[in-house]
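Here are some exercises to work through with the model on screen. Try each task yourself before you read its solution.

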Amino acid sequence: MTMDRDFRGMMTSIEKHQLQRVIEHLQELGYRTVGPQVRDGAIVYDDIASIEQLPTGQIDIQDGGTYRLQTDIEAGWFDYVVGPHSLKNYLFPPREPIQQLTLNANGWHAETPDLTEPPVAVFGLRACDLHALAIQDRVFLEGPYVDPQYKARRERLVIVAVHCRRAAATCFCHSMSTGPAVSGGFDLVLTELDDHFTVEAGTEVGAEVIEHLSHTPCTPAEIERSRQVSLDLLQEMQSRTPEGDSPRPRQLETDGIRDVLMQNLDHARWDDVAQRCLACANCTMVCPTCFCSTVGEVTDLTVEHVTRERTWASCFTGDHSYTASGVVRPSIKSQYRQWLTHKLATWIDQFGSSGCVGCGRCITWCPVGIDLTEEVAAIRGEGT
Ligand code: SF4
Ligand code: SF4
């Protein structure tokens, strides 16, 4: 797919129903299309063939340990925020075979399975999701060991992102400089206006998809209106205060955060949070940047064929810190402290950025509502 002209910054206007054609065109090109949809009371990512499957008119009400969908007749096609799934589920799946071993006359023969699955195009990703993707790229692609499965999926990934025009009470992307506007890393990005979308292409693939649609170039007024959507939301997030019974809006003070955490490893707040934490690992499972895994082996009944599988792991389990001398972090206090200090402090030493993009998933999906923004504020000595 090559194009003669420069696609960057190209913005066009399409009717909402034309998103169907975008899905179909990507499928014709061989992509598996994945998008947001309602399942079991939450908005999750799954295969999508029709715009009818999108969660139109649904918003998510989120707070510590709380997630509820609500029908809102004013809501558009993408006015929910984020659900428990993220791109991690597709590029670094929860369970996957990484090696097949067969016993023959010469001993064990190992083979790495070929990646035969089709490329994936994902619809509805947000600014925080794309920043999380950049973080996972650093982990899986930019270190001394490149992950071949991740690399193969990542190179063929197509991203149809959306500029947020609504934030949940758990969102703090404004504190992490990761949103709410999508700033890069997309093939296409949509802005939902009242009766149509404005679409911007970020790559040749995205521009080629637009070329297959009946579209009109955006007027300067439309471009301005599109840009204003995320700017208005950013302003609202930066200034919002609790209203009536509405939940406390989140923000995270990041100034000097590495040193604040690392100089307070014996702070009494770690004992306090350990009393509430269940070590269930939900926060690590839903976090779009967490990347720990473990490897296990499954044999068939002949014990001549073994599948070596990689599965997600969590620093909230004892096994995670098992060494020759035993479990290094046996207590919930030490496990929670490891998670938070890695995410917000030593990640900076390791990868040059925070490991948190402010998506709020760990707050929403923690069964007891533990909120990292509150924990950091308490360690800083601020009231919560
Ligand atoms: S630590 Fe929590 S808020 Fe930060 S990226 Fe992970 S899930 Fe999102
Ligand atoms: S912080 Fe919450 S989600 Fe994470 S392990 Fe503890 S109880 Fe589970």
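Predicted model: local features only at pLDDT ≥ 70, side-chain atom pairs only at ≥ 80, totals over all residues.

How many bridges join β2 to β3, and do these strands run parallel or antiparallel? Residues are numbered from 1 along each chain as its sequence is written, and chains are lettered from A and ligands numbered from 1 in the order in which they are written.

**Exercise 1: the hairpin**

Step 1. The strands β2 and β3 run antiparallel, joined by 6 bridges. Helices (H or I, at least four residues) and strands (E, at least two) are DSSP runs, numbered from the N terminus, and two strands pair if DSSP finds at least two bridges between them.

Step 2. Pick one pair: Val-34 has Asp-47 in β3 as its bridge partner.

Step 3. Now look at the turn. β2 and β3 form a hairpin with 2 residues between them. Asp-40 lies in this loop, between β2 (32-39) and β3 (42-47), and has a positive phi of about 55° although it is not a glycine.

**Exercise 2: the whole sheet**

Task: find the order of the strands in the open sheet of 8 strands.

Step 1. Reading across, you get β3-β2-β8-β9-β10-β11-β1-β12, with mixed pairing.

Step 2. The edges are β3 and β12; each has a single partner strand, so one side of each is left without a neighbour in the sheet.

Step 3. Go from β2 to β8 (residues 120-125): these run parallel over 3 bridges, and Arg-32 sits opposite Val-120 in β8.

Step 4. Jump to β1 (residues 11-15), which pairs with β11 (residues 196-201) in the antiparallel sense over 5 bridges. Here Ile-14 faces Phe-197 in β11.

Step 5. On to β12 (residues 216-217), which is antiparallel to β1 and joined to it by 2 bridges. Ser-13 is opposite Thr-216 in β12.

**Exercise 3: two packed helices**

Task: describe how α9 and α11 pack.

Step 1. Two packed helices are described by the angle between their axes and the distance between the axes. Axes are lines fitted to C-alpha atoms, for helices over the stretch in contact, and angles run from 0 to 180 degrees between N-to-C directions.

Step 2. For α9 (residues 269-276) and α11 (residues 332-351), the angle is about 110° and the axes are 8 Å apart. That makes α9 roughly perpendicular to α11; angles under 35 degrees count as roughly parallel, over 145 as roughly antiparallel, 65 to 115 as roughly perpendicular and the rest as oblique.

Step 3. Trp-270, Asp-271, Val-273 and Ala-274 of α9 meet Ile-332, Lys-333, Tyr-336 and Arg-337 of α11. Two residues are in contact if their C-beta atoms, placed from the backbone, lie within 7 Å.

Step 4. Sort the contact residues by class: 5 are nonpolar, none polar and 3 charged. Ala, Val, Leu, Ile, Met, Phe, Trp, Tyr, Cys and Pro count as nonpolar, Asp, Glu, Lys and Arg as charged, and the others, Gly among them, as polar.

**Exercise 4: around the ligands**

Task: which residues come nearest to ligand 1?

Step 1. Out of 13 residues around ligand 1, the nearest are Cys-287, Cys-356, Cys-359, Arg-361 and Cys-362. A residue is near a molecule or strand if its C-beta atom, placed from the backbone, lies within 6 Å of it.

Step 2. The shell of ligand 1 has 8 nonpolar, 3 polar and 2 charged residues.

Step 3. Turn to ligand 2, whose surrounding residues include Cys-277, Cys-280, Ala-281, Cys-283 and Cys-366. Its shell has 11 nonpolar, 1 polar and no charged residues.

Step 4. Stop at Ala-281, in the loop between α9 and α10 (282-286). Its phi is near 75°, a positive value in a residue other than glycine. Ala-281 counts as partly exposed, with 19 C-beta neighbours inside 10 Å.

Definitions and conventions: Buried ≥ 20, exposed ≤ 12 C-beta atoms within 10 Å, placed from the backbone.
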